[in-house]
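Work through the two exercises below with the sequence and the model in view. Each task is followed by its solution.

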Amino acid sequence: MTKVIAITGKGGTGKTAVAALLIRYLSKKGKFLLAVDADADTNLPETLGCENVKTIGDAKEFLQVEITNPRPDNPDMNKESILKSKVYEIIEEMPGYDLLVMGRPEGSGCYCYVNNLLRGIMDKLITNYDVVVIDAEAGLEHFSRKIIRDIDDLIVVTDASRRGFRTAERIRELVSELDSNVGNIHVIANKVTDNNRNKIEELAGDLKLSLLGTIPLDSKIEEFDIGGVPLTELPDDSVAVLEIEKIAKKLGF
Ligand SMILES: Nc1ncnc2c1ncn2[C@@H]1O[C@H](COP(=O)(O)OP(=O)(O)OP(=O)(O)O)[C@@H](O)[C@H]1O
Ligand SMILES: [Mg+2]
């Protein structure tokens with residue numbers, strides 16, 4: 001059975017960093033892994049050291065144009081197989097895992113038909129992997145469109161701010177309204193220092209949010225990010241790497 005983990009939270013809290021750390025851990029453990037960037041801003045590839053990726057958004061746009069202006073020489077094109085081959089083309093083979101980028105939001109017009117096809121393709125694709133790690137956005141766009149239907153663990157990343165925790169609360173509400181299949185919702189507090197650790201645990205308790213772990217403020221992450229070095233290359237003894245190991249174990253790995 002494939003385990004699907006999605007990471008969401010307020011902007012700038014560290015969703016992409018947490019996704020990269022989990023990808024690092026799980027690929028080193030030998031899991032057959034698909035990393036998905038489901039944020040329209042598309043930061044995960046760079047954080048993983050991958051440049052110039054094609055996106056599902058481009059593939060959808062391509063098919064949408066073909067549907068709106070069918071070519072006279074090919075009126076009976078098989079739309080599903082076109083989209084499927086585009087999706088498989090887009091998958092980037094990284095060392096130890098695969099990467100798929102959702103990309104830009106939809107243009108104007110109705111994408112229901114294309115999204116329907118995509119949903120079926122994604123359902124099948126996901127079953128090829130042990131784990132899928134999704135770097136999502138707070139609005140959970142791809143989940144509200146049910147492109148990725150079932151999530152086993154939804155992780156909300158927050159920083160040490162009240163606003164970050166409020167976003168976690170809102171996401172919990174959104175998930176219950178979405179009627180999507182989410183197994184567990186957890187919170188990871190990121191960029192934690194000795195000064196705010198107690199307050200964070202208190203806030204999580206007050207809001208009845210299950211705190212999966214607290215990742216310390218790690219100067220190595222800042223250093224790697226600013227230097228353009230992939231976070232998957234962080235050393236084994238970096239404090240954030242050590243904490244993500246504990247978190248992954250709690251998730252059953
Ligand atoms: N534990 C940490 N210690 C130090 N810096 C961190 C940590 N986690 C993330 N950062 C830094 O915080 C910034 C934001 O991180 P990141 O891009 O992962 O957040 P995000 O939630 O994905 O942002 P966005 O909403 O823009 O997608 C980056 O500069 C990153 O280097
Ligand atoms: Mg991000």
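**Exercise 1.** Find which side-chain and backbone atoms lie by the oxygen atoms of ligand 1.

Step 1. In this predicted model, a side-chain N or O atom of aspartate 39 is 3.4 Å from an oxygen atom of ligand 1, a polar contact (N or O atoms within 3.5 Å).
Step 2. A polar side-chain atom of threonine 16 lies 2.8 Å from a ligand 1 oxygen.
Step 3. For glycine 14, a backbone N or O atom is 3.0 Å from an oxygen of ligand 1.
Step 4. The protein covers 79% of the 630 Å² of accessible area (Shrake-Rupley method, 1.4 Å probe) that ligand 1 has on its own.

Local features need pLDDT of at least 70, and side-chain atom pairs count only at pLDDT 80 or more, while totals for chains, interfaces and linings use all residues. Residues are numbered from 1 along each chain, chains are lettered from A and ligands numbered from 1 in written order, and side-chain values use heavy atoms without hydrogens and water.

**Exercise 2.** How do the axes of H1 and H10 cross?

Step 1. Take H1 (residues 15–28) and H10 (residues 239–250), helices being DSSP runs (H or I) of at least four residues.
Step 2. Their axes, lines fitted to C-alpha atoms over the stretch in contact, come within 10 Å and cross at roughly 75°, on a scale from 0 to 180 degrees between N-to-C directions.
Step 3. H1 and H10 are therefore roughly perpendicular (65 to 115 degrees).

Methods. Helices (H or I, at least four residues) and strands (E, at least two) are DSSP runs, numbered from the N terminus. Angles under 35 degrees count as roughly parallel, over 145 as roughly antiparallel, 65 to 115 as roughly perpendicular and the rest as oblique. A polar contact is a pair of N or O atoms within 3.5 Å; within protein, one must be able to donate a hydrogen and the other to accept it, and residues adjacent in sequence count only if both atoms are side-chain atoms.
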